Amino acid sequence: LQDTNLDVTALDVSELAVTIMLQRGVKRAVAADIYTYHQDKYDTLLLMMNGIGLCGTIDQLRVFLQHAKTLLNKGGQLLFDSSDIAYLYENDLPVSEGYYGELSYQYIYKGQKTDWFKWLYIDAEKLKAVAAEGGWAVEVLYEDDMDQYLARLIPII
C-alpha cells in the first residue's frame, strides 16, 4: 500500500514485529495495543488475514468496534476478512454458552509454547447483527465458496 503512495501506518502489539517491519521497509510502524491506541485518526483501518480475530470473543468485538470509531476520520471505514467456520463442526454446531467461532489457540514452536489465547472467526450474518447493535453498516464486498468474506464497515452513529 505504501508503494502506491498511500500514507500507511502499521500497528502491532509486538515491539519485535514492529522492528522487523521497519527493517523490511515499512516507513511508519507503531508498537501499541489497538485497544489503547489513540494517537491518530485514519480514513481506513485494515485488518488483514482474519485480523478481526484479535477480538477473541463477540463481546470483545463489540468493545473493539466502539473503539475503532474513535480512530476513524469522518467518512472512514473498517475493512477485514473473516470466515464462517461452521463447516468444521460437520453441520453439528457445539452447544455451549459461547459463539462457535470463539476459539482457543496456543502456538508451539521449537518446544516453546505461548499462553492460550482466544481468536474469533465470525460469520457474515452474525457480524451484521453485532455491527448494527454498535452503529455500523456492513457491506460484504467479496464472498467465496469456502464461506470466507471481505467486509467493509462504516460507522452510522
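Glu-133 counts as exposed, at 54% relative accessibility (buried means under 20% relative accessible area, exposed over 50% and partly exposed in between, with a 1.4 Å probe and protein chains only). The model is a predicted one, in which local features need pLDDT of at least 70 and side-chain atom pairs count only at pLDDT 80 or more, while totals for chains, interfaces and linings use all residues. Residues are numbered from 1 along each chain as its sequence is written, and side-chain values use heavy atoms, with hydrogens and water left out.

Five salt bridges are found in the structure, a salt bridge being a side-chain nitrogen of Lys or Arg within 4 Å of a carboxyl oxygen of Asp or Glu. One of them joins Glu-133 to Arg-62, with an N to O distance of 2.8 Å. This pair links distant parts of the chain, as Arg-62 belongs to helix α2 and Glu-133 to helix α3 (residues 124–133), 71 residues apart. Helices here are DSSP runs of H or I with at least four residues, strands are runs of E with at least two, and both are numbered from the N terminus.

Asp-59 counts as exposed at 56% relative accessibility, whereas Arg-62, at 30%, counts as partly exposed.

Another of the salt bridges connects Lys-128 with Glu-125, the closest N and O atoms being 3.4 Å apart. Lys-128 and Glu-125 are three residues apart in helix α3, so about one helical turn separates them. With a relative accessibility of 33%, Lys-128 counts as partly exposed; Glu-125, at 52%, counts as exposed. Through shared partners, salt bridges join Asp-59, Arg-62 and Glu-133 into one network.

The aromatic side chains come next. The structure holds seven aromatic pairs, where rings of Phe, Tyr and Trp (its six-membered ring) pair if their centres lie within 6.5 Å, and planes under 30 degrees apart count as stacked, over 60 as edge-to-face and the rest as tilted. Among them is the tilted pair of Tyr-99 and Tyr-100, at 4.6 Å centre to centre and 40° between the planes. Tyr-99 and Tyr-100 are both buried. Phe-117 and Trp-119 form an edge-to-face pair, with 6.4 Å centre to centre and 85° between the planes. Phe-117 is partly exposed, its relative accessible area being 26%, and Trp-119 also counts as partly exposed, at 22%. Ring pairs link Phe-117 and Trp-119 with Tyr-105 and Tyr-107 into a cluster.

Leu-103 lies in strand β5 (residues 102–105) and is buried, with a relative accessible area of 18%. Between Leu-103 and Phe-117 there are 8.3 Å in space, C-alpha to C-alpha, and the two are 14 residues apart in sequence.
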